[in-house]
Amino acid sequence: MREVKDATREQQLLALARGGNTRALDDLLRSQYDRIFAVCRRITCSEADGADAAQEAMMSIVRHLDRYDGTAAFSTWVYRIATNAALDELRRRSRRPVPVDELHDVATVTHGDTASRVAQRLEVDAALARLPTDYRVAVTLRDLCDLDYAEIASVLNIPLGTVRSRIARARAALGPLLSPGGNFPDEVQRPISDEHRQTSS
């Protein structure tokens, strides 16, 4: 029921924002920021670069909101923008020297975080950083964002089979790097996907 209310509220804000209501636009952006930052931080493996990418994504949403045509879920459209912003940030980073001590930032610690939660987040960050970027992006969208395979194919503009291959290879690589039971913390307040459930094809 809460998810339905949240989706209805999102659609209301979206309609008002597209109509020029600046307060609705601000509320819409605020509602999206946590998930945008979580994705950007995971893809860039950096707090600072993730924050920069998230800001770029937010600005891109504002600039291109009138282009959202509703053919995909708004959240899918947002994830596509966030993913592209994070990949752009990685390309910019590759062209500048990065001090060794900045390669693995300390995960953000918020009030209420437990030591085990922070440790888990750091473990996942370190494991993801060892994956090829393509694999890291695909498995982040699947297991952090809970997108189905078809949505990921849409976000990345790649064939469904390629999505499945990248996720399978990413999980195979992550397995030896994570402690038993290790998984993505619920940073964007969405459920962790059931490993064995049926996915869209």
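Student: Is R93 buried or exposed?

Tutor: R93 is buried, because its relative accessible area is 18%, and buried means under 20%. Keep in mind that this is a predicted model.

Student: How many helices and strands does the protein chain have?

Tutor: Start with the elements. The protein chain has eight helices and zero strands. Read along the sequence, the pattern is α-α-α-α-α-α-α-α.

Student: What share of the residues of the protein chain counts as buried?

Tutor: The chain has 201 residues, and 44% of them count as buried.

Student: Among contacts between residues at least 6 apart in sequence, what percentage joins residues at least 24 apart?

Tutor: The figure is 69% for the protein chain. Hold on to that idea of sequence distance.

Student: How do I read a salt bridge?

Tutor: Begin with charge. Side chains of opposite charge can pair when their charged atoms come close. Here the cut-off is a side-chain nitrogen of Lys or Arg within 4 Å of a carboxyl oxygen of Asp or Glu. By this rule the count comes to ten salt bridges.

Student: Which residue forms a salt bridge with R93?

Tutor: The partner is D49. The closest N and O atoms of the two are 2.8 Å apart. This pair links distant parts of the chain: D49 sits in helix α3 (residues 47-64), R93 in helix α4 (residues 74-94), and they are 44 residues apart. The side chains of D49 and R93 are also joined by a polar contact of 2.8 Å.

Student: Why does D49 count as buried?

Tutor: D49 counts as buried because its relative accessibility is 7%. You already know that R93 is buried, at 18%.

Student: Which residue forms a salt bridge with D125?

Tutor: Look at R42. The closest N and O atoms of D125 and R42 are 2.0 Å apart. The pair links distant parts of the chain: D125 is in helix α5, R42 is in helix α2 (residues 22-44), and 83 residues separate them. Both D125 and R42 are buried. For D125, the relative accessible area is 11%.

Student: Where is D125 along its helix, and what are the helix limits?

Tutor: Helix α5 covers residues 115-129, and D125 is found there. Now compare sequence with space. D125 and S46 are 79 residues apart in sequence. Their C-alpha atoms are 8.7 Å apart in space.

Student: Which residues are linked with D125 in a network of salt bridges?

Tutor: R41, R42 and E47 are linked with D125 in that network.

Student: Which residue forms a salt bridge with D134?

Tutor: R166 does, with the closest N and O atoms 3.7 Å apart. D134 lies in helix α6 (residues 133-143) and R166 in helix α8 (residues 160-174), so the pair ties together parts that are 32 residues apart in sequence.

Student: Is D134 buried, exposed or partly exposed?

Tutor: D134 counts as partly exposed, because its relative accessibility is 42%. R166 is buried, with a relative accessible area of 18%.

Student: How do I read a helix?

Tutor: Think of turns. An α-helix has 3.6 residues a turn, so residues three or four places apart point the same way. Now follow α2 from its start. There, a side-chain oxygen of N21 reaches to within 3.1 Å of the backbone nitrogen of R23.

Student: Where does α2 bend?

Tutor: The bend is at Y33, and its angle is about 40°. Just after α2, C45 takes a positive phi of about 60°.

Student: Which loop holds D146?

Tutor: D146 is in the loop between α6 and α7 (149-156). D146 is not a glycine, yet its phi is positive, at about 60°. D146 is buried, with a relative accessible area of 11%.

Student: What is the phi of N157?

Tutor: N157 has a positive phi of about 55°, although it is not a glycine. N157 is found in the loop between α7 and α8.

Student: Is N157 buried or exposed?

Tutor: N157 is exposed, because its relative accessible area is 70%.

How values were computed:
Residues numbered from 1 in each chain as written. Predicted model: local features only at pLDDT ≥ 70, side-chain atom pairs only at ≥ 80, totals over all residues. Heavy atoms only, no water. Helix = DSSP H or I, 4+ residues; strand = E, 2+ residues; numbered from the N terminus. Buried < 20%, exposed > 50% of the residue type's maximum accessible area, 1.4 Å probe, protein only. Polar contact = N/O pair within 3.5 Å; in protein donor to acceptor, adjacent residues only side chain to side chain. Contact = heavy atoms within 4.5 Å. Bend = angle between axes of the 7 residues up to and from the residue.
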